[in-house]
Amino acid sequence: MCSSVIVTFQEKMSQSGDGLHTPGYLSWRKLQLSRAKLKASSKTSALLSGFAMVAMVEVQLSEQSSVPQEMLIAFAICTTLLVAVHMLALMISTCILPNIDAVCNLHSISLVHESPHERLHWYIETAWAFSTLLGLLLFLCEIAILCWVKFYDFSPYAAWSACIVLIPVLIVFLAFAVHFYRSLVTHKYEVTVSGIRELELLKEQIEAGDAEGRANGVGLFSNTQIV
């Protein structure tokens, strides 16, 4: 069902004369990418912020607890930042996504300019970064601090073990984030260079056609004068 809708939509685009390399189609692709980012941000933020709130409510603390005061302060700050960052990403996604969905559901490239995804590009990227990068980093820190607060009274070794296990996970997460960002930038650079080369080739073809047309016009004019 979904594949038939996509094929029908592509046939409509080809019939309307919109190619795959036209500005309208490129803007449509950006619209679909912005829509996917907002959907992923809203789901991730709602899930992780809910986990953070449950962890803060369910943790059991007492006056006789031997947990260091600095660790309790870090737990409060990390939990507050985690919920605030994800709530901000969720708010941006909730406000922008309906306006983009309204245009996407029409399946018409000619209406892509009615979507606010170009003007609100930085807000969409902010929601994506807060939900996937900063929010996940805070969530990993939240797990480490929560394990410390939860297990320190019973076994300090368990608290330290949780922190030690999370260190390589955090390193792998950061390495993947850097690698993904560099790969994405390289891909965009290659696509941009390819587009520039196609424009230069098209320019050369147009200039060659204009020069040939002028030469034919001059030859025709000189032949008319001779006659």
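**Helices H3 and H4 in the predicted model**

Helix H4 comprises 31 residues and spans 44 Å from its first C-alpha to its last, close to the 45 Å expected at 1.5 Å a residue. The structure described here is a predicted model. Along H4, which covers residues 121–151, the helix bends by about 40° at glycine 135.

Helix H3, formed by residues 69–104, contains 36 residues. The distance from its first C-alpha to its last is 51 Å, close to the 52 Å expected at 1.5 Å a residue. A kink of about 35° is found in H3 at leucine 97, shortly before proline 98.

H3 and H4 pack against each other with their axes 8 Å apart and at an angle of about 155°. Because angles over 145 degrees count as roughly antiparallel, the two helices H3 and H4 are assigned to that arrangement. The contact of H3 with H4 involves 25 nonpolar residues, 5 polar residues and 1 charged residue. The crossing of H3 and H4 is left-handed.

The computed geometry may be set beside the record. An unreviewed UniProt entry lists residues 44–61, 73–97, 127–151 and 157–181 under "transmembrane region". Over residues 127–151, the chain is 100% helix and 0% strand, and the C-alpha atoms at the ends are 34 Å apart. Residues 157–181 are likewise 100% helix and 0% strand, with 36 Å between the end C-alpha atoms.

Key
Residues are numbered from 1 along each chain as its sequence is written. This is a predicted model: local features need pLDDT of at least 70, side-chain atom pairs count only at pLDDT 80 or more; totals for chains, interfaces and linings use all residues. Side-chain values use heavy atoms; hydrogens and water are left out. Helices (H or I, at least four residues) and strands (E, at least two) are DSSP runs, numbered from the N terminus. The expected span of a helix is 1.5 Å times one less than its number of residues. The bend at a residue is the angle between axes fitted to the seven residues ending there and the seven starting there. Axes are lines fitted to C-alpha atoms, for helices over the stretch in contact, and angles run from 0 to 180 degrees between N-to-C directions. Angles under 35 degrees count as roughly parallel, over 145 as roughly antiparallel, 65 to 115 as roughly perpendicular and the rest as oblique. A crossing is left-handed if the near helix is turned anticlockwise from the far one by less than a right angle, and right-handed if clockwise. Ala, Val, Leu, Ile, Met, Phe, Trp, Tyr, Cys and Pro count as nonpolar, Asp, Glu, Lys and Arg as charged, and the others, Gly among them, as polar. UniProt positions are given in the numbering used here, feature names are shortened, and annotations may be inferred rather than shown by experiment.
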